[in-house]
Amino acid sequence: MLYPNKCLQFHSPIYLLLFLWASENSAFGTPLATVPVLQVSSVHGTSLVLNGTVGESIVLPTDEEGPIRGPGYMEWRKNNTNVIQLVREQDSSPFETWATNATFKGRLIVNYETGALTISSLREEDSGEYVFNGLRSFVSLRPKTIQLHIYERIVSVQVTSQVNNSTDGTSCHVTLSCSVIGGSQVVLSWSRNGENIAGAENRTTLSVSPTRVEENYTCTAINPISSLNNTVTAGPCQTDSPGLSLCALKSVLFSLGLVAMVSAVIAVNARERCCRDQGG
């Protein structure tokens, strides 16, 4: 049986299948004029949305339960560009790779039973619309459309706090900062003691006024494939009494002490004078 030279360029899967079919049947004297003209269905069939992780693998399934029998052709396309094409001459032979996009070289595995495609070492640029089509014994395989989105996994979340006192020392506020390592298309949120803080979405810093008790503030980072959080505790401010600063309080106490000492000296002197007058 003739096998097409890979230097030949087939502009459509049907031409390849017709070539194979004609080559097989020409041995039995079937004229090429009787070869039926079939078309691969242009309907994309069922669709699916999948999320993948940078550096990991993902399987793009088809709707074929398998096994796929007979001479056939399978292809995967991304954004209307060929990813991989496979052909099989006859039922007893395996599928062979006809062409592979250089971008995916060494990263593709096709399940010959169902046509499912495994992509390894995923990259963010692998995101796109993938379409599966094919033929088996001149019957269209069920097409499949998959929207693939690739994201970087969040590695860690760090939260720090800094206390800022007022100039008179009577009040303070705490600045919380949230930083994320790794991740793509990350969304941030804040919570206090487990309750979401409205209006704090996607803010990397948050200014809060502590109460008389300790409170837990949590920053959560999330994207479609991962989620991490970290918590910091903000305690009461170490402030001076309202209306009377520590410095003023020390001054008052010093003044009171000085007055007490002067009064004691005056009282002692007065008593000594009184005693002398009585003795005279």
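I looked up serine 121 and found it partly exposed, with a relative accessible area of 42%. By the cut-offs I use, buried means under 20% relative accessible area, exposed means over 50%, and partly exposed is in between (1.4 Å probe, protein chains only). The model is predicted, so I note the limits: local features need pLDDT of at least 70, side-chain atom pairs count only at pLDDT 80 or more, and totals for chains, interfaces and linings use all residues. Residues are numbered from 1 along each chain as its sequence is written, and side-chain values use heavy atoms, with hydrogens and water left out.

**Entry on the loops**

Where is serine 121 found? I place serine 121 in the loop between β7 and β8. Strands here are DSSP runs (E, at least two residues), as helices are (H or I, at least four), numbered from the N terminus. Serine 121 has a positive phi of about 50° although it is not a glycine. I wrote down the background: most residues other than glycine have a negative phi.

Asparagine 79 also went into the notebook. Asparagine 79 sits in the loop between β3 and β4, and its phi is positive, about 50°, although it is not a glycine. The hairpin of β3 and β4 has 2 residues between the strands. Asparagine 79 counts as partly exposed because its relative accessibility is 45%.

**Entry on β4 and its partners**

I followed β4 next. Strands β3 and β4 run antiparallel and are joined by 7 bridges; two strands count as paired if DSSP finds at least two bridges between them. Glutamate 75 stands opposite glutamine 85 in β4. β4 also pairs with strand β5 (residues 96–100), in the antiparallel sense, over 4 bridges. There I found isoleucine 84 opposite threonine 100 in β5. Is β4 mostly covered or mostly open? β4 is mostly covered, since I read 6 of its 8 residues as buried.

**Entry on the cores**

Which residues touch the most other members of the largest nonpolar core? I listed Leu60, Trp76, Leu117 and Ile119, out of 22 residues in that core. A nonpolar core is a set of buried Ala, Val, Leu, Ile, Met, Phe, Trp, Tyr and Cys residues joined through side-chain atoms within 4.5 Å. Several strands each supply at least two residues of this core, among them β3 (72–78), β4 (81–88) and β8 (128–136).

I then checked what isoleucine 119 touches, with contact meaning heavy atoms within 4.5 Å. Leaving out residues up to four places away in sequence, the contacts of isoleucine 119 include Ile58, Leu60, Phe104, Tyr130 and Leu148. Another core, of 17 residues, lies apart from the largest one; Val159, Ala200, Cys219 and Ala234 are among its members.

**Entry on the disulfide**

I found 1 disulfide in the structure, counted as a pair of cysteine sulfur atoms within 2.5 Å. It joins cysteine 178 to cysteine 219, with S to S at 2.0 Å. The pair links distant parts of the chain, 41 residues apart: cysteine 178 is in strand β12 (residues 172–182) and cysteine 219 is in strand β16 (residues 215–223). Why do I call it left-handed? The torsion about the S-S bond of cysteine 178 and cysteine 219 is about -80°, so the disulfide is left-handed. Both cysteine 178 and cysteine 219 are buried.

**Entry on the sheet with β16**

I traced an open sheet of 4 strands in the order β14-β13-β16-β17, with antiparallel pairing. Its edge strands, β14 (195–196) and β17 (226–234), each pair on one side only. Strand β13 (residues 187–192) pairs with β16 over 6 bridges. In β16, alanine 221 stands opposite leucine 188.
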